[in-house]
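This note sets out some points for a colleague who is meeting the structure for the first time. Please read them with the sequence and the model in view.

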Amino acid sequence: MRLSHLADYAVVLMTAAARRPAGERLSATELSFETGVPLPTTQKLMGQLAACGLLSSARGAAGGFALARPAEAISLADIVEAVEGPFSMTMCTEGRTDCALDAHCRVKPHMGVVGDKVRGALGAVSLQELAS
């Protein structure tokens, strides 16, 4: 299992934002420069993270992005899900039934538990831990 580039970049951006004083607003340009994440990607991800309630945004001269809640209250799972969507280990846990084994599979009922455990493990890592 591996994070996508976008999820990895989102973690990098959020970690950089968490290292700033609480409430400090940052521009996408600043975060792009600081982290090395390309500006168009930074802009896209910051919009997604704001839409999911992890960043707050403000327009204008004093505008920019800031963490929407304390870094201790944001988990690695929150960030990954903001970019990738809910954790799903297999297609069948997403509700799809186009698997050739679907009618006879004895593992399918248990894959939700596996996904929950993965989410739990990532949920136990706070943004504060990543930023320190």
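1. A residue counts as buried when its relative accessible area is under 20%, as exposed when that area is over 50%, and as partly exposed in between. Lys44 has a relative accessible area of 48%, so it is partly exposed. Thr41, with a relative accessibility of 18%, is counted as buried. The structure discussed here is a predicted model.

2. The overall plan may be taken next. The protein has six helices and two strands. Read from the N terminus, its elements follow the order α-α-α-β-β-α-α-α. Along the principal axes, the C-alpha atoms fill a box of roughly 60 × 25 × 20 Å. Of the 132 residues in the protein, 30% are buried. Where contacts link residues at least 6 apart in sequence, 62% of them join residues at least 24 apart.

3. Both Lys44 and Thr41 lie in helix α3. Thr41 touches Leu6 and Tyr9, when residues up to four places away in sequence are not counted. Lys44 and Ala10 are 34 residues apart along the chain, and 9.9 Å separates their C-alpha atoms.

4. In general, a pair of packed helices is described by the angle between the axes and the distance between them. For α1 and α3 the angle is about 80 degrees and the axes are 10 Å apart. Angles of 65 to 115 degrees count as roughly perpendicular, and α1 and α3 are therefore roughly perpendicular to each other.

5. How does α3 lie relative to α4, roughly parallel or roughly perpendicular? The axes of α3 (residues 39-51) and α4 (residues 76-84) come within 9 Å and cross at roughly 110 degrees. The two helices are therefore roughly perpendicular to each other. The crossing of α3 past α4 is right-handed. On the α3 side, Leu45, Gln48 and Leu49 take part, and they meet Ile79, Ala82 and Val83 in α4. Five of the residues in this contact are nonpolar, one is polar and none is charged.

6. The packing of α1 with α4 has an angle of about 135 degrees, and the axes lie 9 Å apart. These two helices are therefore oblique to each other. Here too the crossing is described as right-handed, with α1 passing α4. Leu6, Ala7, Ala10, Val11 and Met14 in α1 meet Leu76, Ile79, Val83 and Glu84 in α4. This contact comprises eight nonpolar residues, no polar residues and one charged residue.

7. Which residues of α4 are buried? They are Leu76, Ala77, Ile79, Val80, Ala82 and Val83. The cover over these buried residues includes α1 (5-18), α3, α5 (108-123) and α6 (127-131). After α4 comes Gly85, which has a positive phi near 90 degrees.

8. In soluble globular proteins, nonpolar side chains tend to be buried together. The largest nonpolar core of this model holds 29 residues, and Met14, Leu49, Leu54, Ile79 and Leu127 have the most contacts inside it. Two or more residues of this core come from each of α1, α2 (28-35), α3, α4 and α6. The element that gives the most is α1, with eight residues.

9. Ile79 draws several of these points together. Ile79 is one of the buried residues of α4, and it is among those with the most contacts inside the largest nonpolar core. Which residues does Ile79 touch, not counting residues up to four places away in sequence? They are Ala10, Val11, Met14, Leu49, Leu54, Ile74 and Leu127. Ile79 also takes part in the contact of α4 with α3 and in the contact of α4 with α1.

Notes:
Residues numbered from 1 in each chain as written. Predicted model: local features only at pLDDT ≥ 70, side-chain atom pairs only at ≥ 80, totals over all residues. Heavy atoms only, no water. Axes fitted to C-alpha atoms, helices over the stretch in contact; angles between N-to-C directions. Helix = DSSP H or I, 4+ residues; strand = E, 2+ residues; numbered from the N terminus. Parallel < 35°, antiparallel > 145°, perpendicular 65-115°, else oblique. Left-handed = near helix turned anticlockwise from the far one by under 90°. Contact = heavy atoms within 4.5 Å. Nonpolar A, V, L, I, M, F, W, Y, C, P; charged D, E, K, R; others polar. Buried < 20%, exposed > 50% of the residue type's maximum accessible area, 1.4 Å probe, protein only. Core = buried A, V, L, I, M, F, W, Y, C linked by side-chain atoms within 4.5 Å.
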